Amino acid sequence: MHIITKIVRLRNVEGWAAAGRLGSRWETGAVTGAWYPARAVVDTAAISGNVRTLARAAGSAQVMAVVKADAYGHGLLPSARAALAGGATWLGVAQTGEALALRTAGIVEPRVLTWLYAPGAPLADLLVADVDVSLAAPWALDGVVAAARATGRTARVHLKVDTGLGRNGLTGPQLDDLLPALMRAQADGAVVVVGIWSHLAFADTPDHPTVRAQAGVFEQTVAATERAGARLEVRHLANSAAVLRWPSVHYDLVRPGLAVYGLSPIPDQATSAQLGLVPAMTLQAHLATVKLVPAGQGLSYAHQYVTTQDTTVGIVPLGYADGIPRHASGTNQRPGGPVQVGGRRLAVAGRVCMDQFVLDLGPAATDVPGDLVTVFGPGADAEPTAEDWAQTCGTISYEIVTRLGAQVPREYV
Ligand SMILES: *Cc1c(COP(=O)(O)O)cnc(C)c1O
């Protein structure tokens, strides 16, 4: 059967750092010879093509490919390289460990921004690695200045402002309070304010008034910060939905994530294909068992699904530990998560378990152990998509791909 020859994966080798601090360090390594009865095949050309499509939509703005959360489950390094090949000039990650992993892997040319950290973060390492850091809270200025003093580097910072999302970022009063100290730190050479950025609450909702309101606050903040002495390189506000739907907020740089991987950020308005995007990930498994069962047999825990005729069932060796949502369980009334086997569309029958789920293959099934089960893919061959799974589970496609288990091998084509 299938042999995985080379998998690039990240593993957290030092989850708990010394001195009782919560910290982490990511190490990049090649795992060879791992065998698993399933795999996520990632089409790197699709990622490059999607970035090209987004860059066209972004007009004169540069593209920061967001590769946080292990590139939305697609694998940090191969996805980052594919995005750069497609024309991204920036990479964005939430976690500091991912920013360092990009640099450690030799991705030194593009700018990298990291934006979510707590006291104790390895800010000095980030400065040495030439990573731009977000400043989203007053305490972070002290941390960044200390790291700059310790390393002799100048920290390149992007001020994160809460323009109305109500999540991370400096409020207006916080920024007013912080500006004098920030400008002193800039005059001292400890920091240079290179960017101002924010995030939208309703980018996916057509004509939502908050988008214009947030853009207004954003522009006022930019003006005030420039008056105070900032010489900005980049102003950035747009995520995937805004890249595709709100050209007025593209500014100098856009930050698409989901669309880089080919998934529609606005599935109720447009499919991937309609947006010119190609989903990059195909999740496949092989049937582990095929067997005959009589009518009236309950399948899986609690017998939520009961066979209505003598039939054939197949065991798929993927479960919630692999990221198959338990919400994708099926009953006789409500089909579970969709899959494709032997060219036909089937659904999870009964409960999704930790490592496996069951399919009712039907009385005339000719499937055999080892046959391919496509859980989701681009949809080009009528296979289900990550968006179909999201709809079945009452969630968003972001969650379907990002939760794919780290143990599922990623294979790059
Ligand atoms: C995740 C994230 C993005 C990318 O969002 P998508 O909707 O996936 O395009 C952009 N900016 C910030 C701050 C984010 O957290």
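Me: Helix 10 first. How many of its eight residues are buried?
Reply: Six, so helix 10 is mostly covered. One caution before we go on: this is a predicted model.

Me: Noted. Which residues of helix 10 are the buried ones?
Reply: A386, E387, W389, A390, T392 and C393.

Me: And what covers them?
Reply: The cover includes strand 17 (338-341), strand 20 (372-376) and helix 11 (397-402).

Me: Take A386. Why does A386 count as buried?
Reply: Its relative accessible area is 2%, and the cut-off for buried is under 20%.

Me: What is A386 in contact with, leaving aside neighbours within four places in sequence?
Reply: L263, F376, G377, S397, I400 and V401.

Me: How far is A386 from T210?
Reply: They sit 29 Å apart in space, C-alpha to C-alpha. In sequence, A386 and T210 are 176 residues apart.

Me: What happens to the backbone just after helix 10?
Reply: G394 takes a positive phi there, about 65°.

Me: Switching to aromatics. How many aromatic pairs does the structure hold?
Reply: Five. One of them is W115 with W197. That pair is tilted, with 5.1 Å from centre to centre and 55° between the planes.

Me: Where do W115 and W197 sit in the chain?
Reply: W115 is in the loop between strand 6 (111-114) and helix 5 (123-128). W197 belongs to strand 9 (residues 191-197). They are 82 residues apart, so the pair links distant parts of the chain.

Me: Are W115 and W197 buried or exposed?
Reply: Both W115 and W197 are buried.

Me: What lies over the face of W197?
Reply: K160 does, at 4.3 Å from the ring centre.

Me: Now F218 and Y251. What kind of pair do they form?
Reply: A tilted one: 5.0 Å centre to centre and 50° between the planes. F218 is in helix 8 (residues 209-228). Y251 is in the loop between helix 9 (240-245) and strand 11 (253-254). The two are 33 residues apart.

Me: How do F218 and Y251 come out on burial?
Reply: F218 is buried, at 0% relative accessible area. Y251 has 15% relative accessibility and counts as buried too.

Me: Which residues form an aromatic cluster?
Reply: Y72, Y261 and Y398 form one.

Me: Back to helix 8. How does helix 7 cross helix 8?
Reply: The axes of helix 7 (residues 172-187) and helix 8 come within 10 Å and cross at roughly 30°. Angles under 35 degrees count as roughly parallel, so helix 7 and helix 8 are roughly parallel to each other. The crossing is right-handed.

Me: Which residues make that contact?
Reply: L175, L179 and M183 on the helix 7 side. From helix 8 come T221, A224, T225 and A228.

Me: Last pair. What about the axes of helix 1 and helix 3?
Reply: Helix 1 (residues 44-58) and helix 3 (residues 76-85) have axes that come within 7 Å. They cross at roughly 45°, so helix 1 and helix 3 are oblique to each other. This crossing is right-handed.

Me: Which residues meet there?
Reply: T44, I47, S48, V51 and R52 in helix 1 meet P78, S79, A82, A83 and A85 in helix 3.

Conventions: Residues are numbered from 1 along each chain as its sequence is written. This is a predicted model: local features need pLDDT of at least 70, side-chain atom pairs count only at pLDDT 80 or more; totals for chains, interfaces and linings use all residues. Side-chain values use heavy atoms; hydrogens and water are left out. Rings of Phe, Tyr and Trp (its six-membered ring) pair if their centres lie within 6.5 Å; planes under 30 degrees apart count as stacked, over 60 as edge-to-face and the rest as tilted. Helices (H or I, at least four residues) and strands (E, at least two) are DSSP runs, numbered from the N terminus. Buried means under 20% relative accessible area, exposed over 50%, partly exposed in between (1.4 Å probe, protein chains only). A charge sits over a ring if NZ of Lys or CZ of Arg is within 6 Å of the ring centre and within 35 degrees of the ring normal. Axes are lines fitted to C-alpha atoms, for helices over the stretch in contact, and angles run from 0 to 180 degrees between N-to-C directions. Angles under 35 degrees count as roughly parallel, over 145 as roughly antiparallel, 65 to 115 as roughly perpendicular and the rest as oblique. A crossing is left-handed if the near helix is turned anticlockwise from the far one by less than a right angle, and right-handed if clockwise. Contact means heavy atoms within 4.5 Å.
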